[in-house]
Amino acid sequence: MRIKIVKFGGIKLRRLLAGSYPAGIAFSLYAASFATLCVALYECDRRIETLTASAAGSLLFAVLSIIPLLCLLLAAWGAYFSLNRAKRVSSLLSANLLGLAQIGVPVTAVPLIFFCSVIQVPAVPVVLLQGAKIIRGPLWHVTSDRRVLIVTGEFSKGIAEAVEQSLAATRSVRIVVFESPGGDVEEAMRIGRDIKQNGLETGVATECSSACTYSFVAGRERILLPGGQLGFHACQKIVWYSPCENQRYSSYLAASGIDGTFIRRALSVDPRDIWYPRPEELLAAHVITRTRSDGSGNREVTPDDL
């Protein structure tokens, strides 16, 4: 049985891949595909935070990363063989020009295809996984109880706004307690600015790691509660081109009064690893201002006690 010819926008795919289209049309298709892929990659880069903030955005990221790449592969193949066929029946001058165009196809396509295959496409499962998590609902919870605001879960889009709204609704809050493995640094720094503006204290009940520490160090007083620990490492990228500005984060920590040696040690830790300093190290570096040996707070240790 004869295989039905597949069509994309009226263009017969089998004919295109066989190099049967006129060289001008085939090369134009390639140029359009090349430009489309470049624009798609640029938009993925420019809107990465927006795209990874929702399930629909994650799906769009996957579409922009894969569909234009497939179109480029098909168009490059067709253009190369169409130019090769046209070159055989052309005059010497035309054949030379067509030969240059034919060489230009792999020269421009191969680096871009390699780039997408090695770097862009592997980021797709990561972003889709993030989108799948978002579908199940917020990865965080923000609850207030008069003087205490408790922030738990992964820092993702929307958490800073939720904290801001809770602080506005509950003016009696005096301390923000974190229980988080980290997440989005920009959200964490935004929470930190709100904490500073309101002159609030911060505390750690269980764990506050990675991006969470940027919110924690904004506290007027920074308290390590019994069983709490702080975890540090260098910035981690969601995808290969996510901003990763250790110098910027270093300045942010320094502005909160953290010791420079401690900052350099924290930001030298591999993003896949994590460093949990001892309470005395945190006190000496002014990361925390005091600890509490039990829930009643009967005994407090300050840097002056070291």
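Student: Which residue stands opposite D145 in β4?

Tutor: D145 stands opposite V148 in β4. This is a predicted model, in which local features need pLDDT of at least 70 and side-chain atom pairs count only at pLDDT 80 or more, while totals for chains, interfaces and linings use all residues. Residues are numbered from 1 along each chain as its sequence is written, and side-chain values use heavy atoms, with hydrogens and water left out.

Student: What makes β3 and β4 a pair of strands?

Tutor: Strands, like helices, are DSSP runs numbered from the N terminus (strands: E, at least two residues; helices: H or I, at least four). Two strands pair if DSSP finds at least two bridges between them.

Student: How many bridges join β4 to β5, and in which direction do the strands run?

Tutor: Five bridges join β4 (residues 148–153) to β5, and these strands run parallel. V148 stands opposite I175 in β5. β5 is also joined to β6 (residues 201–209) by five bridges, again in a parallel arrangement. In that pairing, C208 of β6 is the bridge partner of S180.

Student: Why is β5 described as largely enclosed by the rest of the structure?

Tutor: A residue is buried under 20% relative accessible area, exposed over 50%, and partly exposed in between (1.4 Å probe, protein chains only). Five of the six residues of β5 (residues 175–180) are buried, so the strand is largely enclosed by the rest of the structure. Over the chain, buried residues make up 43% of the 306 residues.

Student: What makes the β-α-β units of β5 right-handed?

Tutor: A crossover is right-handed if, with the strands pointing away from the viewer, the path from the first strand over the helix to the second runs clockwise. The unit made by β4, α6 (residues 159–169) and β5 is right-handed. The unit made by β5, α7 (residues 185–197) and β6 is right-handed as well.

Student: How do you know whether S166 is buried or exposed?

Tutor: S166 has a relative accessible area of 16%, which places it under the limit, so S166 is buried. This residue lies in α6. Contact means heavy atoms within 4.5 Å. Leaving aside neighbours within four places in sequence, S166 is in contact with V142 and L149. S166 and S144 are 22 residues apart in sequence and 7.1 Å apart in space, C-alpha to C-alpha.

Student: At what angle do α7 and α9 pack, and how far apart are their axes?

Tutor: Axes are lines fitted to C-alpha atoms, for helices over the stretch in contact, and angles run from 0 to 180 degrees between N-to-C directions. α7 and α9 (residues 246–255) pack at an angle of about 20°, with their axes 13 Å apart. That makes α7 roughly parallel to α9, because angles under 35 degrees count as roughly parallel, over 145 as roughly antiparallel, 65 to 115 as roughly perpendicular and the rest as oblique. V185, E186, M189, G192 and K196 in α7 meet R248, Y249, Y252 and A255 in α9.

Student: What is the hand of the crossing of α7 and α9?

Tutor: A crossing is left-handed if the near helix is turned anticlockwise from the far one by less than a right angle, and right-handed if clockwise. The crossing of α7 and α9 is left-handed.

Student: How are α2 and α4 oriented to each other?

Tutor: α2 (residues 23–46) and α4 (residues 55–88) pack at an angle of about 155°, with their axes 8 Å apart. The two helices are therefore roughly antiparallel to each other. Their crossing is left-handed.

Student: What is the phi of S210?

Tutor: Most residues other than glycine have a negative phi. Phi of S210 is near 55°, a positive value in a residue other than glycine. S210 is placed in the loop between β6 and α8 (212–216). With a relative accessible area of 16%, S210 is buried.
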